[in-house]
Amino acid sequence: MKKLTAALAGNPNSGKTTIFNLLTGSHQHVGNYPGVTVEQKYGVFRYGDYEITFVDLPGTYSLSAFSEEELITRNYIINEKPDVVVDIIDASGIERNLYLSMQLMEMDAPLLLVFNMSDIAEQRGFVFDIKQLSVLLESPIIQMVGNKGQGKQLLLDAVIEIAEKPKEPRLHKINYGDEIEQELEKIEKTLIVEESALVQKYQARWLAIKLLEQDDEITKSITSGRIFAIVTSSVAHLKSIFRENPDIVMAGRRYGYISGACQETIKTTAELQHNYSDMIDAIVTHRIIGLPLFLFLMYLTFFLTFKLGHYPMSWLEHTFDWLGITITGFWPEGSTNWLKSLIVDGIIGGVGGVIVFLPTILILFMMIAFLEDSGYMARAAFVMDRIMHKIGLHGKSFIPMVIGFGCSVPAIMATRILENKRNRLVTIMVIPLMSCGAKLTIYTLIAQAFFPEKLQPWMMWLIYIIGIILAVISIKLLRLTIFKGKSIPFVMELPPYRWPTFKSISIHMWQRGWMYLRKAGTLILGASIILWFAVSYPKPDASSQKMNLEYSIIGRFGKAIEPAIKPLGFDWKIGTALIGATIAKELFVSQMAIAYSVGDSKHDDMSLREKLRAHYTPLTGFCIMLFCLIYAPCVATIAMTKQETNSWGWALFQFFGLTIFAFIITLVVFQIGSLLS
Amino acid sequence: MKQKEIQPLSKIGSRKKAKLVTIEAGRGLYNRLASMGLVSDVEITVVSNGHPGPFVINVKGSKVMLGRGMANKILVSGCDDEKANSGSGR
């Protein structure tokens, strides 16, 4: 068995991911590139005597040093030296797509060009002379229709052929014109003398091109002062001729080269006309209809998610209930055996409580994958951009924030759709302020306990709105302090509308669902056991629940933090519930129930509410809601933040930042409220 | 070379075509736009110039959406023949 590596490169929206999914199916692994937040996907495919590892590189338009994604792609090809670089090209937008190919050729990568979506190109009236084009570009070309699964075999055969063939030097190179070529030659000659190690790694011409483009990363790696001097004078010289930076002139020349190659080999039989995609765009990005339409689609997504998710969720709930009862049955009635308690209260209660959300999460991700793959998400981002831009975020940030109303964990995962790292971090930081489904259980309990029926819906509405306002304020603050910097002007490609395939949607859904399940099996399981232990031990001699709690680890902890939370109007019992709720927000309710020893909160909710009403004022009730809205996100969220930002620093910043924020706001509200009443 | 008057892209009406002259932007942004096909002399078709908001152009066969601020920074010269065939450069 021979091992090969093939890296997939291509523009965003070129159908690269679809082809990657087609090649690797569900045998995919997701990791992060070392040190960065961009995810790396790879999958292994066995074909004949070969074991081919496909690596999905980030979608890019170019290989400059201006974005993390482009640097990753470039460095991967230079450092890892894949046997083949498969460049996926949207055949209906060939010239723009070939720009990346030009740069790959300049790096002398072993290139395979894949003209994807050739069916759409055909519909649009393009006729390619593939043979001729292949000769001109000195690279093999194959045609594919990725979303229909056509051309997989061709691709695999071509990859093997390229990998096995001895590499031939390219005969043609892009001619940048006499003025630029002269400067390139000068730089090249000096490079060979002064920087022989770098030249071995990168090749002199490519280095010279990048230096003339004033590429930050390459410039940094140069140590020779002579080269700096030459490059500086070359850049100045070219600027005086072209009245434009050399990199821009060179970009123009590359496009010129592409136009030349395309003129002879591509014909358009039909005139490109206003197509149906334009008509849909006129409606969905309409300045009056656009926003309500987007809000409606968002509403529909949530409505269907919860409506459809309700059934499998209740089946799972029943299953776990049944499981708990069955296991309890192994012990005599009223037994206080520790193992029974651990399995039933700790593990089934904790892990089961999380797994029941799985169907809802799968459906939500299916909907989002549908909106993304169809091309609508790009339009939605545009519609929201007008509003989001005012607070310094990209329109796309709105999508994960909306998901946050369901659960922060998938919402943080969904920030992957944001290409800009700064925007992504800001969005992740404020997502917990979007009240999730679990916090809803706390709000319900408190609102019903302290406020008259007429006021209840308003209190709920108010707390959600406060969350949104606080999120806006936090974004503003973060953008002015830690994440300073100009907000990026909006430029985005509008992919053509496509009908998403079942396969690609189910792969998306599966990947995310699996991640969630894995978390439930590891993190949540561990946390549940720890919490169960903290509530149950150490045990005083046979005595009541109440005594038990006060004596337990968590009870002592609650007592210890009581002085700190007293100014917020909270006592130690609320303290224990707040600690428990950092594991999962729903635990606040069950912990309060234990603290007031009413047993199962589900069946005895009334009395818990009455007891709360007897013990606390409505002001304290409101402060509980407020504090729970803002303070430390649950462990699952923290774990996800750590995973997605690839740093404990950001996870801890989120944890403590939000807790301090909650403390200050609740303190102010409680103190002012106490003065007024 | 520049026979026609130079104006910001935002002034070009829907369905009209124009030739890019230059972009008044920093290196990073200019490069990003260049990699998306917005280089000197390229022909831009304005798909929709909605006041205010959605500014969609077609460049080299793909649709790109710009913010209004961006459209102000892109300088173009009008095309002589607005009915020019889209075949050129393709």
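Visitor: What should I know about the model before I start?
Guide: The model is predicted: local features need pLDDT of at least 70, side-chain atom pairs count only at pLDDT 80 or more, and totals for chains, interfaces and linings use all residues. Residues are numbered from 1 along each chain as written, chains are lettered from A and ligands numbered from 1 in the order written, and side-chain values use heavy atoms, without hydrogens and water.

Visitor: How many helices and strands does chain B have?
Guide: Helices (H or I, at least four residues) and strands (E, at least two) are DSSP runs, numbered from the N terminus. Chain B has 2 helices and 6 strands. Their order from the N terminus is β-β-α-β-β-β-α-β. Chain A has 31 helices and 10 strands. Its C-alpha atoms fill a box of roughly 90 × 55 × 55 Å along the principal axes.

Visitor: Is Val55(A) buried or exposed?
Guide: Buried means under 20% relative accessible area, exposed over 50%, and partly exposed in between (1.4 Å probe, protein chains only). Val55(A) counts as buried because its relative accessibility is 4%. Val55(A) sits in strand E4 of chain A, residues 50-56. The C-alpha atom of Val55(A) is 6.3 Å from that of Ala6(A), 49 residues away along the chain.

Visitor: What share of each chain counts as buried?
Guide: In chain A, 54% of the 677 residues do. In chain B, 57% of the 90 residues do.

Visitor: How many residues does each chain bring to the contact between them?
Guide: Contact means heavy atoms within 4.5 Å. Chain A brings 39 residues and chain B brings 36.

Visitor: What area do the two chains bury between them?
Guide: The size of an interface is often given as the accessible area lost when the parts come together. That buried area is found with a 1.4 Å probe and summed over both parts. Here chains A and B bury about 3,400 Å². Carbon and sulfur atoms hold 58% of that area.

Visitor: How many salt bridges link the chains?
Guide: A salt bridge is a side-chain nitrogen of Lys or Arg within 4 Å of a carboxyl oxygen of Asp or Glu. The count between chain B and chain A is 3. Asp281(A) forms a salt bridge with Lys63(B). Their closest N and O atoms are 2.8 Å apart.
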